Amino acid sequence: MKRNTEVGLFTKPSNLTISHTGKGAIVLPYLILHESYPFLTNVDGGESKSMTIEQAPLLKVNNIEVIYEHVILVLKGVSFNVYEGQIVSLLGANGAGKSTTLKAISNLVKAERGEVTKGTVEFDGKRVDKLFAPQLVKLGVIQVMEGRRTFEHLTVEDDLLTGAYTRGRDKKGIRDALDKVYQYFPRLKERRKAKTGYISGGEMQMCAIGRALMAKPRIMLLDEPSMGLAPLLVKEIFNIILRLNKEEKVGMLLAEQNAAMALNYAEYGYIMENGRVVLDGDAETLKDNADVREFYLGLTEVGKKSYRDVKHYHRRKRWLA
Ligand SMILES: Nc1ncnc2c1ncn2[C@@H]1O[C@H](COP(=O)(O)OP(=O)(O)OP(=O)(O)O)[C@@H](O)[C@H]1O
Ligand SMILES: [Mg+2]
């Protein structure tokens, strides 16, 4: 996917007026770049031309291959991008390779006797595929593991504090981060003295996201945050993910089986099957795609499909034809 940045090129750069309400502008000699506000004006009405420059992705995954146990080829050349400020969804059924993709990015496949055997991962324009997991955390690439793993014997607060382990003695920063977590998750504040072994599934998921927030994330890799949660809770968690994305400017890469939910929140989606990306597009386009509607959203023109109908999908799927 290309994401373009509008650029105004002015004939008389000394006479520029810039008015904007938000993000800073990048000012280069004779060239002003600004991502989202096309309101750069030339005060004396000098001629301006418009051109587009491709914005570099925050995370660029390029053709990665993963092999487990030296022989099991699981990812067969997966590529995708996440741009600054985006929520991107990786969708797919059981075993499609979503978790493996996230672990390949955060360099956790080795812990499961896996290896990234091909491809590259770039974060913020730099190769990061040779970095160790703690180095990635320091850069702000934070994985929220599937299954809401918590440290059962710790209290909620101590569990959250483990998320700040790369921040050294930055006591004030850590305190502020904890306050922020409690702002987003008031329920965790109420439960801060409870042992995580005794909190509910929803609270565990909140704890896992809160722990990631403690590490100053620039991008969160979220593995099935909806798993095992009741629909109302799923909505609550997704709304917080959206707020973190908008208010804290955290990019989100969201691996989900729950395509309906993910496509409501993500801007862009990639559909994985059998270790490959088979389809990608912006969320609205994917939601309108007949195959996505049928096989991932369980909808047809006549309404819901039964699993019996759906299970024959491999034979009829258009994008693999
Ligand atoms: N440690 C491992 N050793 C061997 N094979 C593995 C390992 N982990 C995953 N696999 C295999 O890799 C494939 C992809 O698994 P992965 O967990 O990435 O899929 P997924 O899309 O996350 O599925 P789910 O939705 O069930 O979580 C599966 O066939 C799985 O059996
Ligand atoms: Mg998974």
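Trainee: Which residue of β14 stands opposite L221?
Mentor: In β14, L253 stands opposite L221. This is a predicted model, in which local features need pLDDT of at least 70 and side-chain atom pairs count only at pLDDT 80 or more, while totals for chains, interfaces and linings use all residues. Residues are numbered from 1 along each chain as its sequence is written, chains are lettered from A and ligands numbered from 1 in the order in which they are written.

Trainee: Which sheet holds β13 and β14, and what is the sense of its pairing?
Mentor: They belong to an open sheet of six strands in the order β12-β13-β14-β9-β15-β16, with mixed pairing. β12 (141-144) and β16 are called edge strands because each pairs on one side only. From one strand to the next, the twist averages 15°.

Trainee: Why is V116 called buried?
Mentor: A residue is buried if 20 or more other C-beta atoms, placed from the backbone, lie within 10 Å of its own, exposed if 12 or fewer, and partly exposed in between. V116 has 21 such neighbours, so it counts as buried. On the same definition, five of the six residues of β15 are buried.

Trainee: What does V116 touch beyond four places in sequence?
Mentor: I64, V66, A104, V109 and D129. Contact here means C-beta atoms, placed from the backbone, within 7 Å. I64 is 52 residues away from V116 in sequence, yet their C-alpha atoms are 6.8 Å apart. V116 lies in β10 (residues 114-123), which pairs with β7 (residues 59-68) in the antiparallel sense over eight bridges. V61 stands opposite V121 in that pairing.

Trainee: Which sheet do β7 and β10 belong to?
Mentor: An open sheet of four strands, β8-β7-β10-β11, with antiparallel pairing. Its edge strands are β8 and β11 (126-127).

Trainee: What makes a residue part of the shell around ligand 1, and how many residues are there?
Mentor: A residue is near the ligand if its C-beta atom, placed from the backbone, lies within 6 Å of it. There are 16 around ligand 1, the closest being Y68, K98, S99, T100 and E112. α1 gives the most, with three residues.

Trainee: How far can the model be trusted?
Mentor: pLDDT is the predictor's confidence in each residue, from 0 to 100. The protein chain averages 81, and 75% of its residues score at least 70. Over residues 4-50 pLDDT stays under 50, with 62 contacts beyond four places in sequence in the model. Residues 311-315 also stay under 50, with one such contact.

Methods. Contact = placed C-beta atoms within 7 Å. Helix = DSSP H or I, 4+ residues; strand = E, 2+ residues; numbered from the N terminus. Pairing = 2+ DSSP bridges. Axes fitted to C-alpha atoms, helices over the stretch in contact; angles between N-to-C directions.
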